[in-house]
Amino acid sequence: MSTFLAELTGTEIILLFGCGGVAGALLNKSKAQGSGWICITLSWGIGVTLGIYASGQVSGAHLNPAVTLGLACAGKFPWTDVPLYVIAQFLGAMLG
């Protein structure tokens, strides 16, 4: 798996679980309607955990452009890889 695909997949997983949990808790006629903030935070936490598991070994699991830019500014990540990571994260967010 390439770093591009790893970042895309990890970001997609986060948003799929997180937004799915919010939708389930808030949408009318869903089985989880009214489940509350605990279910929402649990779904976001599971999404982040699975996103990290899916991409951590390949790309370092930045999964957020702010993390990528912060590491590049700190000199711990090469600037040449920043555009690839940011594009993958944006596409993963749109797909999620």
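This is a predicted model: local features need pLDDT of at least 70, side-chain atom pairs count only at pLDDT 80 or more; totals for chains, interfaces and linings use all residues.
## Overall fold

Let's start with the big picture. The protein chain has four helices and zero strands. Going along the sequence, the pattern reads α-α-α-α.

As for dimensions, the C-alpha atoms of the protein chain fill a box of roughly 45 × 25 × 20 Å along the principal axes.

## Contacts and burial

Now for how the chain meets itself. Take the contacts in the protein chain between residues at least 6 apart in sequence: 63% of them join residues at least 24 apart.

Of the 96 residues in the protein chain, 30% are buried. The accessible surface of the chain comes to about 5,800 Å², and carbon and sulfur atoms account for 71% of that area.

## The aromatic pair

How many aromatic pairs turn up? The count comes to one aromatic pair, and the partners are F77 and Y85. Their ring centres sit 4.8 Å apart, which is within the 6.5 Å cut-off for a pair. The planes of F77 and Y85 meet at 70 degrees, and since over 60 degrees counts as edge-to-face, that is the label this pair gets.

Are these two residues buried or exposed? F77 has a relative accessibility of 11%, so F77 counts as buried. Y85 comes in at 6% relative accessible area, so Y85 is buried as well. The cut-off behind both calls is under 20% relative accessible area.

Notes. Residues are numbered from 1 along each chain as its sequence is written. Side-chain values use heavy atoms; hydrogens and water are left out. Rings of Phe, Tyr and Trp (its six-membered ring) pair if their centres lie within 6.5 Å; planes under 30 degrees apart count as stacked, over 60 as edge-to-face and the rest as tilted. Buried means under 20% relative accessible area, exposed over 50%, partly exposed in between (1.4 Å probe, protein chains only). Helices (H or I, at least four residues) and strands (E, at least two) are DSSP runs, numbered from the N terminus. Contact means heavy atoms within 4.5 Å. Accessible areas come from the Shrake-Rupley method with a 1.4 Å probe; for residues, only the protein chains shown count as cover.
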